[in-house]
Amino acid sequence: MKNTLLGIIMAIVWAVAGQSSAAPPQRLLILTQGPDGHPAATHEYVAGAEILQQTLAAVPDLQVDTLRVDKTDEPAISAALAKADGIVLSIAEGAKWLAAEPRRGEAFAKHAEQKRGLFVLHWAMGTRTAEPIEP
């Protein structure tokens, strides 16, 4: 019985591994930024994104890219968002950042319509003022 179960598990793993190698890797985009005015070592967005990228490097069929939104122009941000299967926000006041540029809101709405992934870390969930939260 154990050998049969082990054989079935091995067959499933082999089949999944064979399928995944033919498919393009999933693309995860980590959006990050430089310091946001908090004391040093409290909101280390870039360092956190680097640790996350290094940790995920071992995941098969996953391509992880980081993009510093405070050093990248809007067309490049929009292009990166369009290619991503999943997005991680590691920025300050994510709702404010998202609402600051209409193309960002449109890109994230399209991302949601396509049922792609979104994960936010800490301060990327909110904003100081409530106005940009509703959209």
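Student: Hi! Which residue is the bridge partner of Gln-26 in strand 2?
Tutor: Leu-62 is the bridge partner of Gln-26 in strand 2. Strands here are DSSP runs of E with at least two residues, and helices are runs of H or I with at least four, numbered from the N terminus. This is a predicted model, where local features need pLDDT of at least 70, and residues are numbered from 1 along each chain. Side-chain atom pairs count only at pLDDT 80 or more, totals for chains, interfaces and linings use all residues, and side-chain values use heavy atoms, without hydrogens and water.
Student: How does the chain get from strand 1 to strand 2?
Tutor: It crosses through helix 2 (residues 45–56), and this β-α-β crossover is right-handed: with the strands pointing away from the viewer, the path from the first strand over the helix to the second runs clockwise.
Student: And what's the strand order in the sheet?
Tutor: The order is 2-1-3-4 in an open sheet of 4 strands with parallel pairing; pairing takes at least two DSSP bridges between two strands.
Student: Which strands stand at the edges?
Tutor: Strand 2 and strand 4 (117–120) do; each has a single partner strand, so one side of each lacks a neighbour in the sheet.
Student: Switching to helices, what does helix 3 touch?
Tutor: Helix 3 (residues 74–83) packs on the sheet and touches strand 1, strand 2 and strand 3 (86–90), with contact meaning heavy atoms within 4.5 Å.

Notes: Axes fitted to C-alpha atoms, helices over the stretch in contact; angles between N-to-C directions.
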